[in-house]
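I opened the notebook to record what I looked up in this structure. The entries follow the order in which I checked things.

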Amino acid sequence: MKDTILRNTTNGNHLDFVGDNLAINFINTRRIIDGQLTDTLQSDSDVKAWLKRLEVPIAKGTLPFSDGVLLQRARELREIALAAVKNRKSGKKPSLVALNRFLADATSHAALTTDDAKNIRVTRVYGKETVEAFLAPVAEAVADLLADGDFDLVRHCEGNACVMWFYDRTKGHRRRWCTSTGCGNRAKVAAFRARASQN
């Protein structure tokens, strides 16, 4: 099926966290909402807002690139991530060339931050000279998932026509749905109707 961008939405923001992994959450910015394939990233502002919602460290200040460039490169990174995750999940060797291009431009450095004398932590500070540098935290999260993720726990939602992925961190590792209230509930209703029709 050819993926299409249908419309923007704000009511799907609660779904930004169901992947339980930054890279997977980024892939899930393309999702089914109200029965339509929806790209929640429709502008540079949408990309920045999504990064902020997920508390991704990003460069502050104005961006030194033209309007629309961040959106375009974010969508490209998302497609790179999705293809790599699908390949890795199916046991194929993913192509890493395009992702490595993002990582090569991911200039960052470590910095210490503190709230008080007892809570000192190391954080990453990212540059903003290029779009790739701006998206570096997401590219690094994709790289971490591909290299260190347990792909037995990386799963595609079993919901009919659902495009969402998740990292199953449940205790028994039996998660099947993107959300229990969405695809999980629809599956239960369908199973109930199927049983009722047999009686």
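Below are my entries on the fold, the cores, the salt bridges, the backbone and the surface.

**Overall layout.** I am working from a predicted model. I counted seven helices and six strands in the protein chain. Read from the N terminus, the order of elements is α-β-β-α-α-α-β-β-α-α-β-β-α. The chain has 199 residues, and 42% of them count as buried. I then looked at contacts between residues at least 6 apart in sequence: 59% of these join residues at least 24 apart. The chain exposes about 11600 Å², with carbon and sulfur atoms supplying 52% of that area.

**Nonpolar cores.** Nonpolar side chains in soluble globular proteins tend to be buried together. I looked up the largest nonpolar core here and found 37 residues in it. V47, L70, L77, V85, L135, L145 and V154 have the most contacts inside this core. Two or more residues come from each of α1 (22-27), α2, α3, α4 (97-104), α5 (131-134), α6 (136-148) and β6. Helix α3 gives the largest share, nine residues. I took V47 as an example: leaving out residues up to four places away in sequence, V47 touches L41, L70, L71, A74 and L135. There is also a second, separate core of nine residues, which includes V18, C157, C162 and C178.

**Salt bridges.** My search of the whole structure gave 10 salt bridges. In one of them D39 pairs with R75, with the closest N and O atoms 3.1 Å apart. D39 sits in strand β2 (residues 36-39) and R75 in helix α3, so I noted this as a link between distant parts of the chain, 36 residues apart. Is D39 buried or exposed? D39 has 0% relative accessibility and therefore counts as buried.

D39 also meets R78 in a salt bridge, at 2.6 Å from N to O. Because R78 lies in helix α3 and D39 in strand β2, this pair ties together parts 39 residues apart in sequence. R78 and D39 are both buried.

I next checked R73 and E132, whose side chains form a salt bridge at 2.6 Å, N to O. R73 is in helix α3 and E132 in helix α5, so the pair ties together parts 59 residues apart in sequence. R73 is buried at a relative accessible area of 19%, and E132 counts as buried at 14%. Salt bridges with shared partners join D39, R75, R78 and E79 into one network.

**Backbone.** Most residues other than glycine have a negative phi. I found E55 with a positive phi, near 55°. E55 is in the loop between α2 (44-53) and α3 (69-89) and counts as exposed because its relative accessibility is 73%. H173, also not a glycine, has a positive phi of about 55°. H173 is in the loop between β6 (165-167) and α7 (180-198) and is partly exposed, with a relative accessible area of 36%.

**R155.** Which backbone oxygen does the side chain of R155 reach? The side chain of R155 reaches that of H173, at 3.1 Å. R155 is in strand β5 (residues 154-156). Beyond four places in sequence, R155 touches K89, M164, W165, F166, D168, H173, R174 and R175.

**Surface.** L112 lies in strand β3 (residues 108-114) and counts as exposed at 64% relative accessibility.

Methods: Residues numbered from 1 in each chain as written. Predicted model: local features only at pLDDT ≥ 70, side-chain atom pairs only at ≥ 80, totals over all residues. Heavy atoms only, no water. Helix = DSSP H or I, 4+ residues; strand = E, 2+ residues; numbered from the N terminus. Buried < 20%, exposed > 50% of the residue type's maximum accessible area, 1.4 Å probe, protein only. Polar contact = N/O pair within 3.5 Å; in protein donor to acceptor, adjacent residues only side chain to side chain. Contact = heavy atoms within 4.5 Å. Areas by Shrake-Rupley, 256 points an atom, 1.4 Å probe, with all protein chains shown as cover. Core = buried A, V, L, I, M, F, W, Y, C linked by side-chain atoms within 4.5 Å. Salt bridge = Lys/Arg side-chain N within 4 Å of Asp/Glu carboxyl O.
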